[in-house]
Amino acid sequence: PMDQICVSYQDEYGAWKYIEPELLAHLPLRNVTIRAKNTTRTLDRPLPLCLLPYDDERLQFPPMPHNWYRKPFLYIYVVQCEDSDTYKQLVKGKLKAWVNLMNEKQQEWLILYVSLGGHRRFSELTTKLHRTVYDKIKADFNLPKKDRCCQLRMMDENTKNEDLWDDCMNKMKEGVVASIEQYITGYYEELRKMLAMSKRTTDSVCNYCSFFFLKESLAFTYERAQMFEDASNIYDQLERLLNKPNVENTEEEKIEVKFSRFGGTDTGDDCPSLNNIQRKSY
């Protein structure tokens, strides 16, 4: 949906079905603070999320700047592994390739480790094995200044899962907010480059169309982040720029828009007569 931040998940181990109902119960994100464009904004409403599998067709589009707002704002890799040997032989390599891909694309990511205890109580040995696997994941993939891993223990009667859920939701919120700030900053940088380029070209109509697409995408980003006033300001700037070209807007940006020769100024131009070639001296 246009008004929701997208989060994608990759689940090769069939664990998502166990956590999704409770995850949805912990949404939307609350107490969200966003720092972008030299301002700090604490949202006055919760931040809803749209959860999609990583291969969903809605996430298939050209990787162009005006499509940034359509990308997931957080990528989650779900791991369900029973012992250290399985992790070492089968899981670690897949995780490493996925993390490298996320870092290469400069995307926010989170590893979610899920323990499934069945309908019986965890034995001391089983609990120790699960903790060992999770500790290995943290040692292998956590960053020095940012915790990229969290865990959930499903069907474990001995564990108070709410603390784990709080940790998971906080890390999801950190990743989503970081992407919001990254995308907003990126849009303003692309706009700055475009405005600098507009001074070196005479293709004003093309400049405005490209400028509009970027500005509109920035507005969509603000909308998804529940920053509706900021989105409205973007549309106001575009309207002023179209109606009064060659003037500076509130951000001290300048771009020329020359539609004065487009036509449609003579009487009757709103009622075309396509077959009458004598109507005007073409």
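**Cavities, pocket and core**

Guide: Strand 6 (109–116) and helix 4 each supply at least two residues of the lining of the largest cavity. Helices (H or I, at least four residues) and strands (E, at least two) are DSSP runs, numbered from the N terminus. A cavity is a set of points on a 1 Å grid over the protein atoms alone where a 1.4 Å probe fits but cannot get out, and lining residues have an atom within 4 Å of a point. One caution: this is a predicted model, where local features need pLDDT of at least 70, side-chain atom pairs count only at pLDDT 80 or more, and totals for chains, interfaces and linings use all residues. Residues are numbered from 1 along each chain as its sequence is written, and side-chain values use heavy atoms, without hydrogens and water.

Visitor: Which element gives the most to the lining of the largest cavity?
Guide: Helix 4, with 3 residues. The lining includes Lys-171, Glu-174 and Gly-175.

Visitor: What volume does the largest cavity have?
Guide: About 40 Å³. A volume is the space filled by probe spheres set on the grid points, which are joined across faces, edges and corners.

Visitor: And its lining by class?
Guide: There are 2 nonpolar, 1 polar and 6 charged residues. Here Ala, Val, Leu, Ile, Met, Phe, Trp, Tyr, Cys and Pro count as nonpolar, Asp, Glu, Lys and Arg as charged, and the others, Gly among them, as polar.

Visitor: Is Glu-174 buried, exposed or partly exposed?
Guide: Glu-174 counts as partly exposed because its relative accessibility is 45%. Buried means under 20% relative accessible area, exposed over 50%, and partly exposed in between (1.4 Å probe, protein chains only). Glu-174 sits in helix 4. Its C-alpha atom is 10.0 Å from that of Ile-34, 140 residues apart along the chain.

Visitor: How many cavities of 30 Å³ or more are there?
Guide: The count is 2. The second largest cavity holds about 30 Å³ of space.

Visitor: What lines the second largest cavity?
Guide: Ile-76, Trp-165, Cys-168 and Met-172 are among the residues that do. The lining has 8 nonpolar residues, no polar and no charged. Helix 4 gives the largest share here, 3 residues.

Visitor: What is Val-176 in contact with?
Guide: Leaving aside neighbours within four places in sequence, Val-176 is in contact with residues including Ile-5, Leu-29 and Phe-73. Contact means heavy atoms within 4.5 Å.

Visitor: How much space lies in the largest pocket?
Guide: About 490 Å³. A pocket is an open set of points with protein on both sides within 12 Å along at least five of seven lines. Of its 19 lining residues, Tyr-54, Leu-59, Pro-72, Tyr-75 and Lys-105 are the closest to its centre.

Visitor: Last one. How many helices and strands does the protein chain have?
Guide: It has 6 helices and 7 strands. Buried residues make up 43% of the 282 residues.
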